[in-house]
There are 2 protein chains.
Amino acid sequence: MSRKRFDDLDCSLACALNEVGDWWSLLLIKQAMLGTRRFVDFQRNLGIAKNILVDRLCRLVESGVLARVDAGEHGTRYEYRLTEKGRDLFTVVIALRQWNLRWNGNRDGMRLLDKSSGEPISEVAVQNSEGEPLTIKDVLFVDENGQPLEQAG
Amino acid sequence: MSRKRFDDLDCSLACALNEVGDWWSLLLIKQAMLGTRRFVDFQRNLGIAKNILVDRLCRLVESGVLARVDAGEHGTRYEYRLTEKGRDLFTVVIALRQWNLRWNGNRDGMRLLDKSSGEPISEVAVQNSEGEPLTIKDVLFVDENGQPLEQAG
DNA sequence: ACAAAAGAGTTGCAATACGAAACCAGATAT
DNA sequence: ATATCTGGTTTCGTATTGCAACTCTTTTGT
């Protein structure tokens with residue numbers, strides 16, 4: 001039976017996962033962020049099967065994360081480029097990456113630097129309006145009326 | 001053939017996705033962050049099939065994101081609680097959620113407030129050491145020797 | 001005390017998704 | 001003209017998913 005979809009779950013996280021929550025999508029996006037644009041290069045860099053790659057690229061184009069642009073004059077070369085929506089996943093990709101670095105150590109040797117200062121970027125964190133980091137214990141989940149969310153279970 | 005695993009990909013993102021990159025894991029974690037602890041409650045709140053739920057909970061316990069603790073004195077009731085590692089996924093969950101809010105609008109009416117000030121939390125972002133937000137264009141990817149990463153394609 | 005329900009899983013089955021490799025058509029290179 | 005590259009599509013066998021039914025132990029209701 002088909003994978004369960006989350007559109008109807010009325011949950012922002014679920015909707016996000018519907019668009020980029022499968023095994024390959026975020027890797028494709030990260031690869032695109034590193035500069036990969038061509039079908040064959042995605043394939044070579046990630047070792048993904050072609051049929052799956054076609055499917056994922058189409059999905060991501062449909063949801064507006066990637067744009068398929070004609071590259072080359074004869075209509076058989078294309079580039080898949082990140083849109084603004086796709087580039088905006090930067091935070092998510094980096095947050096996941098940093099989480100893995102913290103808990104599982106560094107697998108790739110890659111580091112990220114602030115281009116203008118040359119210094120490492122800082123750790124992504126949830127912050128209050130003053131820029132102080134917040135853990136889950138510091139936040140309150142409320143509904144649209146400002147009522148604290150009581151957990152059904 | 002089995003789903004392709006990313007352990008060998010030498011990529012932190014890939015490793016992270018190996019642990020929490022499937023359709024259900026992050027939803028389970030978010031639900032746990034909202035306070036759900038019991039098997040039946042995960043099932044009811046998410047509508048996940050029991051066999052899949054068993055599988056996912058086991059995986060997450062194995063990778064140290066959840067801990068299975070005996071609740072009830074007779075050894076047949078359990079609670080699945082976030083570990084420190086699991087709680088540390090807060091940033092990732094919120095980043096994904098905010099991304100979806102920005103691009104697809106608000107589906108649930110939920111809002112997050114700083115418990116101590118009552119104000120909304122700010123948007124998660126990649127920042128430099130001064131706390132200024134960085135987009136992907138502001139950062140440089142370098143290898144362990146500090147050499148800029150040239151993209152193979 | 002006894003029956004009924006809940007909690008935490010298992011098991012079996014059908015539908016689907018995935019991965020590998022073969023195949024294909026238009027453009028390019030030799 | 002022949003071979004190769006690109007961006008796919010097709011086929012086929014395996015893996016994963018979802019659903020429903022079933023278990024076994026503990027709790028709850030009367």
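Mentor: Before we place any residue, a word on terms: strands here are DSSP runs of E at least two residues long, helices are runs of H or I of at least four, and both are numbered from the N terminus. Keep in mind that this is a predicted model.

Trainee: Fine. Where does that put E144(B)?

Mentor: In the segment that follows β4 (139-142) of chain B.

Trainee: And why is E144(B) called exposed?

Mentor: Its relative accessibility is 55%. Exposed means over 50%, so E144(B) counts as exposed.

Trainee: What does E144(B) touch, leaving aside its neighbours within four places in sequence?

Mentor: E144(B) is in contact with G109(A) and R111(A).

Trainee: Where is K115(A), and what is it in contact with?

Mentor: K115(A) is in the loop between β3 (111-114) and β4 (139-142) of chain A. Neighbours within four places aside, its contacts are K137(B), D138(B), V139(B) and L140(B). The C-alpha of Q147(A), 32 residues away along the chain, is separated from that of K115(A) by 43 Å.

Trainee: What makes T83(A) buried?

Mentor: Its relative accessible area is 19%. The cut-off is under 20%, so T83(A) is buried. You'll find T83(A) in the loop between β2 (78-82) and α5 (84-87) of chain A. Apart from neighbours within four places in sequence, it contacts G64(A), V65(A), L66(A) and A67(A).

Trainee: Now a whole element. Why is helix α1 (residues 12-20) of chain B called mostly covered?

Mentor: Count its residues: nine of the nine are buried. Among them are L13(B), C15(B), L17(B) and V20(B), along with N18(B) and E19(B).

Trainee: What covers the buried residues of α1(B)?

Mentor: Elements from both chains: the cover includes α2 (25-33) and α6 (90-104) of chain A, plus α2 (25-33), α4 (50-62) and α5 (84-87) of chain B.

Trainee: What is the order of elements in chain A?

Mentor: Chain A has six helices and four strands, and the pattern runs α-α-α-α-β-β-α-α-β-β.

Trainee: Why is chain A called more spread out than a compact globule?

Mentor: The globule rule gives 15 Å for 153 residues, and the radius of gyration of chain A is 19 Å, well over that, so chain A is more spread out. Its C-alpha trace spans about 60 × 45 × 30 Å along the principal axes.

Trainee: How many of the 153 residues in chain A are buried, as a percentage?

Mentor: Buried residues make up 48%.

Key: Residues are numbered from 1 along each chain as its sequence is written. Chains are lettered from A and ligands numbered from 1 in the order in which they are written. This is a predicted model: local features need pLDDT of at least 70, side-chain atom pairs count only at pLDDT 80 or more; totals for chains, interfaces and linings use all residues. Side-chain values use heavy atoms; hydrogens and water are left out. The radius of gyration is taken over C-alpha atoms; the globule rule is 2.2 Å times the number of residues to the power 0.38. Buried means under 20% relative accessible area, exposed over 50%, partly exposed in between (1.4 Å probe, protein chains only). Contact means heavy atoms within 4.5 Å.
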